[in-house]
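Hi there,

Here is the structure I promised to pass on to you. Have a look through it first, and then read on for what turned up.

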Amino acid sequence: MTFIFYDTETTGLSAGFDQILQFAAIVTDDDLNPIEEVNLRCRLQPHVVPSPGAFVITGVRPSDVAGANMSHYEMIREIRAVIERHTPAVIVGYNSISYDEGMLRQAFYQTLNPVYLTNTGGNTRMDIMKVAHAASEYAPGVLEVPLGDRGRPSFKLQLLAPANGLMHEDAHEAMSDTFVTLGLARLVRDRAPAVWNAMTQTRSKQSTQEFLENTEVFCFTDMMFGQCSILATRITANPEYTSEVAVFDLSHDPVHYLDAPAKDIGSLLRTSPRPIRIVKANQSPILAPHNLSHDGVAGHDQTLGELREKARAVREHPTFAANVASAVANRYPPRDAPEHVEQRIYEGFPSRADERRMTTFHEQPWEERMETVSQFEDDRLRELGERLIYLESPDVLPDETRQRHDAWRRERFHAEGDAPWVTIGSARQELNELTKTDDGKNASLLEDIEKHLTQLNTY
């Protein structure tokens, strides 16, 4: 089994409207021995206003970014090549399921590459932050978990790594973060193999669903509102979104809930403590076999026989699963239709014909790509394809088309109101706040950011 450990540095936190600036990866063999290193950097896309805070965190200057040897499109194509070269592989990051994965998927989507490269074709995903959480719960003492500013356990990588003897001199630099992520993975694998094995079982949606289906009683650590560990059993999947699986907390007596109608079950998903919780099977959840339970796991004070009796009552009830399924599927109001193409990423897969056109698009000279874009059946791909040509090779576009995209770029820069992207105005406000609180350490960097925003403002 091949592992690809990776990290990204970005212009901000919005997966749809910010961009990746750096991608670093360490490819390892099954024993976590490095076999390849990748470190890619790219320039800013012409329409993206970076968050000043992102530059302060990484210490990277806009002038440094401008000197990168790749465009964003070229870097994303290279990232795809790295992944495909090592497929099938386990794609591993730190807090990657919540953050880096979203950035990667948007980057693939907006550059007309396959969106789900990291979890299709035999590829699966792990998140070492979740592995660290699992180790702290089911193998305490394996990792030294430091306390944060509020005196609570902190799993921030820049604190966790040095607390466990891992060099982290250049925190928030992608290759440095990748090295320490690999180091943490080795620590858990070597010191807590049962935890490591449990987490490898949830690296894909399919294997997680099989575990939930076939394991009568299991441990689940829910991180939704703070860390909470329970002994649980499966109830049912969300019929509208099968990656969501409802489980029952066996520290509760199911007799009180089994005959409840769907309208009443909905409130059980929000109450505290919650007898019903949601496992997201496609997000590397923290699941473990019953034998890893301990006093801190809700329900641990019961015998295995008692737990199994409750589990069977839940699983064999004639109407409970159907009522829970209805409540889970209808727990949120309908969402408004997305306004921007970036927000439409999950509206469906391209047709086979459009997949072939996407392949053709990447193989053509830029001056020929507009013809391919015009043939896309999916209106999202037509919009993104035309935009991509504008961003990468605007001179090949007709004057009218280029001028329309020039106007779109100006709107991105100067949009008023609550825009979902960083504007020049909002960036200046952020920069002013950073300048007020700076002790002089970042003065030169902040000046560089000011110069960059001034240049953008002339457009």
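Helices (H or I, at least four residues) and strands (E, at least two) are DSSP runs, numbered from the N terminus.

Please keep in mind that this is a predicted model, where local features need pLDDT of at least 70, side-chain atom pairs count only at pLDDT 80 or more, and totals for chains, interfaces and linings use all residues. Residues are numbered from 1 along each chain as its sequence is written, and side-chain values use heavy atoms, with hydrogens and water left out.

Back to α13: Ala353, Asp354, Met358, Phe361 and His362 are buried there (under 20% relative accessible area, 1.4 Å probe, protein chains only). Their cover includes α3 (72–86), α14 (366–374) and α15 (379–392).

Now for the sheet. Five strands form an open sheet with mixed pairing, in the order β3-β2-β1-β4-β5; two strands pair if DSSP finds at least two bridges between them. The edges are β3 (34–41) and β5 (124–127), each with a single partner strand, so one side of each has no neighbour in the sheet. Within the sheet, β1 (residues 2–10) and β2 (residues 20–28) pair in the antiparallel sense over eight bridges. Threonine 8 stands opposite phenylalanine 23 in β2.

Enjoy exploring!

Terms used: Buried means under 20% relative accessible area, exposed over 50%, partly exposed in between (1.4 Å probe, protein chains only). Contact means heavy atoms within 4.5 Å.
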